[in-house]
Amino acid sequence: APLRIAVVGAGRMGADHIERLHRRIAGAEVAAVVDIDRPRAEAAVAHIPGAVAHTDFQEVLDRDDIDAALLATPGFLHEQVLLPALGKGLPVLCEKPLTPDAESSWRVVQAEVAAGRQLVQVGFMRRFDTGYLALRRMIEERTYGELLTLHHQHRNPTTPPGFTNEMIINDSVVHEFDAVRFFTGEEIVSVQVRIGRSTRNAPEGQRDPQLVLMETESGVLAQVEAYVNARFGYQVSTQASFETGVVGIGGDQEPYVRTEGRWGGSVTPGFEERFAEAYDREIQAWVEATARGEIGGPSAWDGYATAACCEAGVRAQSSGETVPVHLEAKPSLYA
Ligand code: ISE
């Protein structure tokens with residue numbers, strides 16, 4: 001029987017996942033949608049036979065016919081769903097960030113340790129992107145010698161209302177913290193943030209762009225230009241410098257056209273398009289792993305470790321200093 005999933009949060013990402021689960025993912029069905037905005041929850045289930053709209057996650061926990069939850073509310077609302085879900089032993093695919101700070105993410109890790117098995121997979125979908133996978137393999141296999149540095153561009157057209165200066169770190173650069181951990185297989189030991197001239201298109205209170213520099217345990221330096229009001233469209237790309245080569249991923253998408261008087265292609269509008277296939281693979285892997293009683297991607301530990309990086313990053317934003325990342329000892333559940 002298909003896995004019966006409750007999607008929590010029917011906003012931009014939640015709606016995208018509902019369509020994905022409903023139309024493209026094998027072995028799963030949307031059985032419930034939770035949103036505090038009742039009309040939005042009802043609109044999300046209207047075309048899905050048998051799916052029920054709820055306004056409170058507790059109503060889902062009270063049902064006994066839900067196998068897993070996909071959590072797509074804003075990050076600051078995750079903990080209040082994760083803790084009761086873990087208490088009930090319900091598997092959760094939690095969109096990033098796990099939570100907005102290290103202390104609350106650590107509470108989630110501890111609740112999972114208490115549950116005695118891994119139930120939380122964190123939505124770092126870039127780990128399912130073919131370019132990301134290819135680059136990680138070159139790093140592991142030392143195809144061009146040792147990896148030396150990583151350079152990331154993370155550009156968004158605009159930010160949604162309420163997107164704070166801290167969210168540039170917690171919601172955007174959190175992806176690069178995870179990417180660097182994924183590529184290198186190492187933890188990040190320190191974070192620095194430099195903020196220079198800012199675009200006039202940044203909303204009040206936000207400074208944009210920001211340059212983030214991090215260092216891994218073995219001394220790999222990785223930098224990110226986070227530029228989230230870049231207007232032109234969406235771009236997530238990486239260049240990696242090795243001892244005998246330089247590798248780029250995330251270039252512009254085909255088709256590439258040459259015609260009289262001009263050449264080029266089209267700009268990717270947003271993350272849904274840039275990572276459409278990665279999201280499909282991520283959710284398919286999660287569904288298949290959940291059916292086996294496992295997780296199929298990044299863990300709550302990955303969510304916690306990136307939250308610790310974000311916390312250092314937010315401190316670095318205001319201090320201008322290089323801030324060390326503090327991590328608790330890794331529980332054996334994640335060994
Ligand atoms: C958004 O929440 C995402 O996760 C996107 O992948 C990222 O590019 C964007 O900066 C975030 O706001």
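In which loop is P97 found? In this predicted model, P97 is found in the loop between strand β5, which spans residues 92-95, and helix α5. The peptide bond that joins K96 and P97 is cis, with an omega of about -10°. A cis peptide bond also joins E254 and P255, where omega is about 5°, and P255 has its place in the loop between β12 and β13, the latter strand covering residues 257-259.

According to UniProt, in an unreviewed entry, residues 3-124 carry the annotation "domain: Gfo/Idh/MocA-like oxidoreductase N-terminal". The packing of two helices is described by the angle between their axes and by the distance between the axes. Helix α4, formed by residues 79-88, packs against helix α5, formed by residues 102-115, at an angle of about 10° and with the axes 9 Å apart; the two helices α4 and α5 are therefore roughly parallel to each other. On the α4 side the contact is made by E79, L82, L83 and L86, which meet S104, R107, V108, A111, E112 and A115 of α5. By class, the contact of α4 with α5 comprises six nonpolar residues, one polar residue and three charged residues.

A further annotation in UniProt, again from an unreviewed entry, is "domain: GFO/IDH/MocA-like oxidoreductase", listed for residues 132-245. The span of residues 132-245 is 26% helix and 33% strand, and its end C-alpha atoms lie 17 Å apart.

An open sheet is formed by seven strands in the order β12-β11-β7-β10-β9-β8-β15, with mixed pairing. Its edge strands are β12 (246-249) and β15 (323-324), each of which pairs on one side only. Within the sheet, strand β7 (residues 147-155) runs antiparallel to strand β11 (residues 235-242), and eight bridges join the two; the bridge partner of Q153 in β11 is S237. With strand β10 (residues 221-227), in contrast, β7 pairs in the parallel sense over seven bridges, and H151 has Q223 as its bridge partner in β10. The pairing of β9 with β10 is antiparallel and extends over six bridges, with A226 in β10 as the bridge partner of Q210. The hairpin of β9 and β10 has four residues between the strands, and in this hairpin G219 takes a positive phi near 100°.

Helix α6, comprising residues 130-141, lies across β7, β11 and β12 and runs at about 160° to β12. In the loop between α6 and β7 lies R142, whose phi is near 55°, a positive value in a residue other than glycine. Helix α10, comprising residues 300-319, lies across β8 (188-194), β9 (210-216) and β15, and runs at about 35° to β8.

Methods:
Residues are numbered from 1 along each chain as its sequence is written. This is a predicted model: local features need pLDDT of at least 70, side-chain atom pairs count only at pLDDT 80 or more; totals for chains, interfaces and linings use all residues. UniProt positions are given in the numbering used here, feature names are shortened, and annotations may be inferred rather than shown by experiment. Two strands pair if DSSP finds at least two bridges between them. Two residues are in contact if their C-beta atoms, placed from the backbone, lie within 7 Å. Axes are lines fitted to C-alpha atoms, for helices over the stretch in contact, and angles run from 0 to 180 degrees between N-to-C directions. Angles under 35 degrees count as roughly parallel, over 145 as roughly antiparallel, 65 to 115 as roughly perpendicular and the rest as oblique. Ala, Val, Leu, Ile, Met, Phe, Trp, Tyr, Cys and Pro count as nonpolar, Asp, Glu, Lys and Arg as charged, and the others, Gly among them, as polar.
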